[in-house]
Each structure stands twice: as structure tokens, then as C-alpha cells.
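Me: I have a model open and would like to learn how to read its features one at a time. Could you walk me through it?

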Amino acid sequence: MSDDQASSVTDTAPTLAVEDLSVSYRRRRKTLPAVSGASFEIAPGEAYGLVGESGCGKSTVAMALMRYLPGNAAVDGGTIRFQGQDVLTASPATLRGWRGNQMAMVYQDPGSALNPAVRVGTQIAEVYRVHRGLSRDDALDRAADMLDKVRFPSPKDMLRRYPHELSGGQQQRVMIAMALAADPALLILDEPTTGLDATVEAEVLDLIEQLRAEYSTSVLFISHNLGIVARLCDRVGVLYAGRLSEEGPASSVLTEPRHPYTSALLRCVPRPGMRKDTKRLEPIPGYLPRLGEAPPGCPFAPRCDLVQPECETAPPPLVQVPGSHASACLRATEVPALTARDGEPAAAPASGTAPAPPPAAEKAEKAEKAAEPVIAVDGLVKRYTSAGMEVTAVDGVSLDIAPGETFGLVGESGSGKTTLARCIAGLLPSSAGKITVTADHSGRRARARFLQMVFQNPDTALNPRHIVRRILSRAQKRQDDPATSSERGRRLSDLVRAVRLQDWHLDVRPAALSGGLKQRVAIARAFAGKPSVVLCDEPVSALDVSVQAAILNLLIDLQAERGVSYLFISHDLTVVQYLADRIGVMYHGEIVDIGPANAVAAAPHHPYTEALLSAAPALGSDGAESRIRLDLTPVQPGTGTEGCRFHGRCHRSLGEVCATQVPPWQTDDSGNTYRCHIPPVQLRDLQGAATPL
Amino acid sequence: MSAIVPGAVPAVTTAAPAGPSRWANLRSVLSVAVRSASVDVGLVILVFWIVDAVAWHLFVPFDPLAQGGGNLLAPGGAHLLGTDNLGRDVLSRVLAGASSVLTLAPIGTLIGVALGTVVGLITGYYRGVADTLIMRVVDALLALPPIILAALALSMLGTSEFAVALLIGVIFTPIVARTVRSAVMTERDAEYVAAARLRGESGAYIMAAEILPNVTAPIIVEATVRFGYAIFIAGTLSFLSLGLQPPSPDWGLTVYTEQNFVQVQPWTVLGPAIALGTLVVSVSLVSDGLRKAMDS
């Protein structure tokens, strides 16, 4: 029946046509508009990217398309036509026929989208049984075929597994298999790779790309990551505060933005090869208006450089810019072009050209040799016992940090980065190894003054029951010298100014602050005394990109003012490359690659570093053909004690020797030290050849 | 570009919002709780009994202990609820009986919540061997029926109002400790606790100043639930003659002393029994509403 409907639509008709869609939420008897007047179309076989920061209305649009809006949401106006039929007036029976059959959705968190009590095969087979009326056995056969298509090596085994037996990447592939099972006309992907590791994310994106080619399904791809959208999508719509601010072909929108918001978004993320000493990040001032608090005019006006009085009267309509795409900006033609350096990684050392270390890096190296390290970690081991099994989370890590230096620590989730930081901070006892610090900091109080930490999640890092003033003054009391009350007050305002907060922020609780402001408070708390070392554990990964840039700049400024050393932990190699003087790459509890930032980023480097670099779908890196794909089934931690831990996934494996012998440390002439059986000269030839110029 | 980009300063130019008062949170919880009809009913009954417990001598038509109004008079006339076998006015005794139970139950509850919170904070925060040992003792205590435990203790210690309140507190301590412990265990892993440890705070400071304010909601809910049970236990103990002694107008005690007349003159028993019932029900209506409001 549904096939008849599909064939009655001519080829040129769009799969999905959204016109003037407005959705609002009701909360405490107030109406809060979440999406206002959004219009876009997705042609058959087209991939449409919907981008914007969190809270811009992306998921609300997706939910409206599926008619999955929560009870307190209402569509206030507009139409949604799916294959020519009105979605908003469709009967429940029609909707049931569409969902999972004609339109399918893949959610952000595959762990909660799969039923934990039902085998994977049964869950996929359900699609065939419900929508195709197949028998149980036939449906299971089809499910196995589908798992084969999403590249599971042994689909028959996979059918019998429960979701918890799969890794996050595998779960997401199962979700995609389920979504594609009925060969839908429209596939909605809502942040399908957020929360996955970079190498896994790359694999999932590849899969989506390949399947799209095979199935000619229309795709609505929702993401906050412009890099991913640039790579995957034909057309892009940029949402800001519920309004489409810009819309058009991906190649045009993301290279010649005609809206200041898009332009600012593209500028505020670090690109591969960018360094803190060559280019400062440009954060977007201000914050996204809260739901229901958007200004009457252009929602972006309060944050915009090009703002003029007319912008603040009425929201500008989305209109075609001559010779370009559609933009909702009155001064669309005046939006400054992205500079060459913004647009492409011209000076990227990652591109494989022989790196001449810039002067700053040399300086850092010299400083490191001259000065005693403020903190030196030697052979640190941390073992846990969980469920009767001994797990080694950190296995013999040695590193030292010079005064005023930023040491970047990169690795995927579970590689032991956070455990390492907590051991260094003294929050966890280490099982073996030594941590040496410059002076005597053995006492609790002395240690608090010497070392502080900025945590990943600003929501839980600040006590929700304390006002900011209490949080900061307590930290001051513990970490700063005792002072008179007037002196204390003066230092508190200095501190507040140093992190660019305002005085009224002192008298509110953290809940009244946005994520970026909370993180500023957390940074202020760490800098309440005069710490020598600050451990930053993913300080920006919970923040939106526009806020991320401001926080990174703040960290750089504070370091310049106070000469503090950072241990900067991140899963985002581009950010670490931007910020760090030296980088260590962690894999399964070991550091496998360590050296000056530029040297680590350039060939020759450890094959894992190479894979991480190539997996990052950053803007301006066009290495699609040469991307390195790792084997998707990582070896479980603790089993790789013989040989190289990475050998099972390594694309440069030499075979036998890698599996049986612990790889030696090798040093290349740029100062990069890595753990691999392949000597630097050979490795450079291999990696140099594979990396595009 | 070494100068600070002006844009890096958050462009929050709007006026500072009024600082939230300390009780804003609790008030909003209460306003949600009060919106349901069942909570309204519970609150009205509860407030009635509390006012009565404090000021019963303003309301009673007769002295609750005075005899001589004629024995076992049926309800109606001067004695609205009739009189008991000693000629005492039943209505007056019911109104006066609220004060003993509404003294013992809150004090017992407070003792139990205070002790339980301390034990819960310590075991939840420190974990380890002490936690295991204390929680095993708690499990053992929970396995014994509380009334039997109380009867045993009171028969050894002798009966006094203070002993009853203390006993209710001791019975409640392990139960409250469990609730607090589990709330503390989720909070102790929060990063603000790590931050406090990082600046060298003592365990006592972290428990009292950092964790305790974040576990008040479950403690308040547990306290109201316990309060309901405390009334129940106090009534039961009086009924078993283990609490107050005659001629007190206490409800539980009255039900016990008048039970011989229940078949001929039921009002002497029904009055205090219904009073006790409404009080327990009102407390549970309010605590239910509070729990729902805090969960949402």
C-alpha cells in the first residue's frame, strides 16, 4: 500500500517539504517558541544537514517530522509534507505505517534506544515482522543480511547478542541497520556520532555515506559539528534560536557563509594545524537566548558585529542572496569572507610537509631543558579490581611538565586519561610509581595551593547549593594566603575580573548560570590561589563551540598572566594541538606517543596518532580518500600485555613481531618519541606517502 | 592579537536577576505540593490537630479528667460525643489527647532523623569496612519487628514519655541512615566533592557543608514519612500500656482502657481511634505530596 503511495509521487517532488513550521513548548502556563517559521525541502536521495548549537531547536524539528513531540509541545503553524502527504493531519494508523517503515530515526544515545532485555536480532527482525509481515525465521534471516550490510564480521552471532554486549559504535551500527531495515524513504539521524570516540565516529560516518550511496535514501542529518556536516551533506540549514538563519548547498554555506552566525561558528573552532601562538580563537560574544527569551528582531542581533537598528525590529526573512544561497540577514552581502587561513589548513603540519618547528615550540623546548619540571610522573600504575577482575587503567606512565608549559593528553574514552589525572591530583591512590613535585608539597594544604583541577562537567563541578561567592571565597581561604577581610574582598573581585565574570554573578547559584559561565567559575576556583599546576580534564567538551573558544582563550590568557602549567586532557586532538606545547597520546593506559606538539602531529608518529588525526572530521581537512580506518573491535584492556597493545587494530602492523614483542621507544629527529617496532625513517616514508599534501 | 578580544567578555549587560532566596527552592516545591487536592485535605487536618495539640484547653467543653457527668452517656446533648465509664466527656478527652502523641512523635522523629543523617553521611561518604560493619548492624536491626523491640526495651527501661520518644528515634535511625547513605553515595562522586578534597577540606567539612545541603530533599521526605510511623508507634505503645499511663487522655491508651465497652458503648473507643486515624492519614497525604513534588 505504501509502495503505491511512493510511486504516485513524481521523481522531482521532494521526499520531505517543511513549510513555515513553528513549534512551541508550554511550561508553567507560558508559551515558549522553540522553532519559528522553518522551511526546507529534502529531495529524494539528498542528504540535508541541520546544524546549530544545543538548544537551537534541531531535535524539536526532527521530533515534529516524526510527530513524536512531547506532550507539552504544540505545532503552532506550518505544514510538513512527507512524500506529498500532510504529516500533521495524518491519522495515527498512517503514522504507524510510516514510522520505522517510510521514515526511520537514529538517536544520539544508542545505549538507551535499544531495548536492553531483547536480543539484537529480535529487535531488528521486529521491523520485518511488523512492516513486512514476515515469519520469525525469515525476519531473522533478513536481520542477518542487514547486519552484514552494516559491516558486522559475523552477523549470525551478532543476532544472538544483547545490546550490552556490544560497544557504543556497534550499538549505533545496529541502530542504523534497524533504521534501514525497511528501506525507508527518509532517514533522520539525530547527532548519531556525538558520544562516540573519534575513530568509531569516523567508521559510523563512513557507513552512513556508503549506505546512502547504496540505498538512495533521503537523509536528514542533525549535528552541532560543522565538520561532519560538511563531509556528509549536500545541503545545509543553519538553525539559530529556532530560526533558519542560512540555508543552501553545503559547499557554498560552509565556505562562503552569508550569515554572521554561520561565519562566526566557522571561525571559533580551531582547525587542524592551528596553534595558540599563531592565531587567537574568535569566540562569539554573548550567549544563545534562552527558550522564550529571544529578542523581537533577529535572534542573533545581540551577538552580531554587523548589527544595525533595523535588525532589532523584526526577524529578517530567509531570502536568496544573489549569486549565492539563502540567508536571513539584512546585511548578507557584507558578511566578511573567511580568510584563506580560516578556510584551509595551508600551514597545517598535519599535512605531512616536513615540519620546521616554529620559534615558539623551540622556545618551549629550551625552557623545558633549562627549568626543573614542576611535576614529574615516573612509572605511574593504577589498578582497579572490578567484579573480581583486575583492570590496569594506567600502566607505567611517565611524563613531566615544565613551568608555564601546557602538556596535552589525548586518547579515546577508557584510555586512562582521567584516572591518570586523578592519581596526579591525589584524588586516587596510585598502585605504583612516583610523582615528584618541585618543592615540598606533601601536606594537604600545601598540595591544595600547588595543584588544582578544572573538571569536565561544569554542572556537577560546582556545588548547586552554594552561591558563587561562597564557592570562590572558600577556595580562596584554602588556597590563598590569609588576608584581612578588605584584602580578601579585593582579591575576590580581581579573581572575578580575571575570568571575565561580573560582580552580580557572585550572588547567584550555579543553576542560574549558563554552561560557559559555570566553567568560568570553576576556572576561577582553580585559580583562587597561585597554583603552579592546573589539571584540565576535558574542560570544554561539555560546552558549545562558540563558548568553547572563549574558555580556551581564557585558559591561554591566565597562563600568560600567571605562568601556570597545564595538564590539558581532551579527546579532541585538534583542540590539544591548538593549545599544547607538548602532547602525549594515551592508548589503553599507556602513553604510546609523546613529544613537542608539532612533532607529534607530523609524520612520523605512532600509527594510533595517525589514525586519530585522520579520523577527526574537522573543517578544512579534505583527506577523505586517505582516511585510515581502524578495526572496529578494540582489544579489551588488560588483555594486551604481550606485544603491542595496538597491534590488533593497527593498519601498519608488521604481523608476528607486533603481537609477541613489546615495542621499543623510537625517537625521530623532531623530538617525537613513540612506541612502535617501525623505525622513524621507515614510518615517515609510510605515513608521508599516505598523507595528502 | 595579544590584547583581550572585547568579545571574550560575556555580553551580559542585562540587570542582575534578583538573588534567589534560600527558601525559594523549598517554596516552589511546596507550591507544587499544595496544588493537589489530596495534599490540601491532608494539610487542613494536620494543621487542625497541631493547633488542637497546642491549645486544646481553649476548645474543650469540659475538663478531660473531670468525672461526674453521668457514666456512659450516649452522644448528644451537652456531651456531644457522650461520656466514658467514669463519666468523663469523650470529646474533651479526644481533643486533649492530641497533645501527647504530637509531642512524642515529632521528638522521636527528630532524634531518628538526626542520628540517621549522621550515620548515613559517615557510612555513605567513607564507605569501606566501617560502612560494611555499620550497615550489617542496621540490617540486623531492620530484621526485628520494631514493636517487639520497643516492648522489650520499655519493659526493661521502665515507661516514661522520654523513653518512648528516644525509642522511636532509635528504631528510626537505621531506616533513615539507609536513605541518607544512598543519597550521599551518589553525591560523593560528584566533581564538586573532588574539588573540595583537592583544596584539602576535612571529611567533616565536606559532609556537613558540601554534601548535606544536597541531600536535604530526601531527608525531608523521609522525615515526613517517619513522622507518620512515629504517630503510629506512639499510639501502639500507649495501647500496649508501655507509654503513657492512666488517667492521661492519650488516644492509644484510651482505646486500650475503653475496649471492654466497645460492644455496648462504641463511641468511647471510636472517638480516639478515628482521631488517630485522621492524623496518620493526613501526615501520609502531605508526605506523599511532598515526595511527588520533590521527585518532579
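This is a predicted model: local features need pLDDT of at least 70, side-chain atom pairs count only at pLDDT 80 or more; totals for chains, interfaces and linings use all residues.

Me: How many helices and strands does chain A have?

Reply: Chain A contains 26 helices and 23 strands. Of its 693 residues, 55% are buried. Among contacts in chain A with a separation of 6 or more, 69% join residues 24 or more positions apart.

Me: Which helices of chain B have the lowest and highest confidence?

Reply: The average for chain B is a pLDDT of 82, with 88% of residues at 70 or above. Confidence in chain B is lowest in helix α1 (residues 24–34), at a mean of 60, and highest in helix α8 (residues 203–211), at 94. Over residues 1–21 of chain B the pLDDT is below 50, and this stretch has 27 contacts in the model beyond near neighbours in sequence.

Me: Let me try a single residue. Is V219(A) buried or exposed?

Reply: V219(A) counts as buried because its relative accessibility is 4%, and the cut-off for buried is under 20%. V219(A) sits in strand β8 (residues 218–223) of chain A. In sequence V219(A) is 172 residues from A47(A), yet their C-alpha atoms are 4.5 Å apart. Leaving out residues up to four places away, V219(A) touches A47(A) and others, including I42(A), Y48(A), L187(A) and R212(A).

Me: And how do I read a pair of packed helices?

Reply: Two packed helices are described by the angle between their axes and the distance between the axes. In chain B, helix α2 (residues 37–59) packs against helix α11 (residues 267–295) at about 130°, with the axes 8 Å apart. That angle makes α2(B) oblique to α11(B). The crossing of α2(B) past α11(B) is left-handed.

Me: Which residues make the contact between α2(B) and α11(B)?

Reply: From α2(B), they include V39(B), L43(B), L46(B) and W49(B); from α11(B), they include A275(B), L279(B), V283(B) and G289(B). The residues of this contact divide into 11 nonpolar, 5 polar and no charged.

Conventions: Residues are numbered from 1 along each chain as its sequence is written. Chains are lettered from A and ligands numbered from 1 in the order in which they are written. Side-chain values use heavy atoms; hydrogens and water are left out. Axes are lines fitted to C-alpha atoms, for helices over the stretch in contact, and angles run from 0 to 180 degrees between N-to-C directions. Helices (H or I, at least four residues) and strands (E, at least two) are DSSP runs, numbered from the N terminus. Angles under 35 degrees count as roughly parallel, over 145 as roughly antiparallel, 65 to 115 as roughly perpendicular and the rest as oblique. A crossing is left-handed if the near helix is turned anticlockwise from the far one by less than a right angle, and right-handed if clockwise. Contact means heavy atoms within 4.5 Å. Ala, Val, Leu, Ile, Met, Phe, Trp, Tyr, Cys and Pro count as nonpolar, Asp, Glu, Lys and Arg as charged, and the others, Gly among them, as polar. Buried means under 20% relative accessible area, exposed over 50%, partly exposed in between (1.4 Å probe, protein chains only). pLDDT is the predictor's confidence in each residue, from 0 to 100.
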